[in-house]
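Colleague: I would like to learn how to read a model like this one. Could you walk me through it?

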Amino acid sequence: MKVKELITAIENGQFDENLKAVYVTDGFVAEQKPRYTQTLTEFGELFGFDREVSIMSAPGRTEVCGNHTDHNNGKVLAASINLDAIAVVSANDDNIIRVKSKGHKMNVVDLADLEPKESRYGDSTTLVQGVAAGVKNLGFDVKGFDAYTTSDVMGGSGLSSSAAFEVLLGSVISYMFNDGKISAVDIAKVAQYSENVFFGKPCGLLDQMAASVGTFVTIDFESTENPVIKKVDFDFSKSGHSLCIVDTGGNHSDLTDDYAAVRGEMESVAKAMGKNVLREIPYEDFFAAIPELTGKVNDRALLRAIHFYNENKRVDRAVECLESGDFDGFKEIILESGKSSFELNQNVYTPKNPTEQKLSLALAISEEILKGRGAWRVHGGGFAGTIQAFVPNDLLDTYKTTIESVFGKDKCYVLIIRPVGGTQVI
């Protein structure tokens with residue numbers, strides 16, 4: 001359909017079922033419809049209303065357990081959420097990709113130039129370039145298109161706005177030019193490749209995989225070429241709890257060194273033992289080697305390694321609890337994960353600015369309200385941004401009101417788990 005036809009069709013409810021397949025509830029569908037029509041209008045104003053268009057979506061993700069394990073080939077439990085990035089897309093014959101994200105500059109990529117350049121690290125255009133290059137390297141078709149995107153995945157939130165954007169681009173290329181045949185796993189790998197090689201950020205694969213695959217998933221990265229992905233059979237809506245993400249403020253953009261240090265220090269332990277990543281070393285061998293490792297690597301590296309090994313065990317136990325319906329046991333594991341992240345992995349505040357501890361404050365307030373009933377932990381990469389809380393529904397109003405009195409109105413997001421990852425909606 002052309003832009004104005006599609007606007008009318010959405011307003012008339014013609015695509016309500018398409019939207020419900022992604023956003024689950026009638027309430028969330030009703031919220032999305034004006035967002036979709038506004039994005040279509042802004043596409044039309046920029047690229048022309050006389051264009052045949054499609055609409056793609058890719059979700060943010062919440063890390064449920066497995067904090068900072070993926071980059072050393074560990075295990076994670078994650079879930080896609082209802083906050084997402086969407087793109088109105090139309091093919092062109094220019095061999096050029098143009099992507100305009102609301103509030104940001106136009107990204108323009110000539111498909112004849114798909115080589116990474118270190119001088120351009122950190123430029124968002126390189127993410128578009130990297131996804132195109134990664135898909136092409138897999139042998140799929142990549143052609144020119146014009147896209148306008150909007151996102152309600154907050155930047156710096158730990159919900160992975162950049163991964164949602166990268167997976168969105170991969171989904172566009174898959175559905176527009178390859179009949180949707182690029183697998184979710186391949187799209188995730190392409191997204192990571194783009195961020196590592198073209199954007200210059202040493203991220204793991206968790207964010208991209210969770211956004212691309214969708215729903216509750218456990219991912220074992222022992223083989224990064226063929227990660228083991230398993231959907232977890234658990235209906236969170238019947239748990240009697242809500243999933244809250246609290247945005248405490250702060251931005252992740254100046255924390256690249258902190259993230260890199262977590263990975264680098266874990267890998268320094270592995271390399272001191274003749275391996276590349278911790279997953280290649282049995283825990284018993286690592287623990288027995290601590291006396292000889294002391295002095296070869298820094299103390300924090302050893303603490304972070306202990307966190308890594310035990311966090312992998314917690315992921316397995318969390319999945320077992322969910323699959324057996326033991327939600328109280330699950331919450332205990334989440335609390336253990338949060339304690340280990342704070343004490344051993346040490347990613348709740350940055351050592352660059354130790355007096356600013358908004359995450360620590362949010363965790364302390366959560367404990368005061370939820371102790372004995374809920375669970376709370378740092379969320380995502382940490383150092384700034386968000387915490388996660390599993391809140392009993394009868395405490396939800398109290399929790400949200402108290403938290404927002406400290407961190408601001410609408411800073412406590414009550415989320416649903418989305419059943420699909422990167423997809424074509426219309």
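**Reading helices, cores and charged pairs**

Modeller: Let's begin just after helix α7, where Gly214 takes a positive phi of about 90 degrees. Helices (H or I, at least four residues) and strands (E, at least two) are DSSP runs, numbered from the N terminus. This is a predicted model, where local features need pLDDT of at least 70 and side-chain atom pairs count only at pLDDT 80 or more, while totals for chains, interfaces and linings use all residues. Residues are numbered from 1 along each chain as its sequence is written, and side-chain values use heavy atoms, with hydrogens and water left out.

Colleague: How many of the eight residues of helix α7 are buried?

Modeller: Buried means under 20% relative accessible area, exposed over 50%, and partly exposed in between (1.4 Å probe, protein chains only). In α7 (residues 206-213), seven of the eight residues are buried, among them Leu206, Met209 and Val213. Contact means heavy atoms within 4.5 Å. The buried residues of α7 pack against several elements, including β1 (54-65), α5 (161-177) and β6 (216-220).

Colleague: Which residues touch the most other members of the largest nonpolar core?

Modeller: A nonpolar core is a set of buried Ala, Val, Leu, Ile, Met, Phe, Trp, Tyr and Cys residues joined through side-chain atoms within 4.5 Å. The largest one here has 38 residues, and those touching the most other members include Val89, Phe145 and Ile173. Helix α5 gives the most to this core, with eight residues. Leaving aside neighbours within four places in sequence, Ile173 is in contact with residues including Val131, Val135 and Phe145. A second, separate core of 22 residues includes Leu19, Tyr23, Tyr36 and Val88.

Colleague: And what about salt bridges: how many does the count come to?

Modeller: Side chains of opposite charge can pair when their charged atoms come close. A salt bridge is a side-chain nitrogen of Lys or Arg within 4 Å of a carboxyl oxygen of Asp or Glu. By this rule the count comes to 35. One of them joins the side chains of Asp16 and Lys33 (3.2 Å, N to O). That pair links distant parts of the chain, with Asp16 in helix α2 (residues 16-23) and Lys33 in helix α3 (residues 26-47), 17 residues apart.

Colleague: Is Lys33 buried or exposed?

Modeller: Lys33 counts as buried because its relative accessibility is 18%, whereas Asp16 is partly exposed at 26%.
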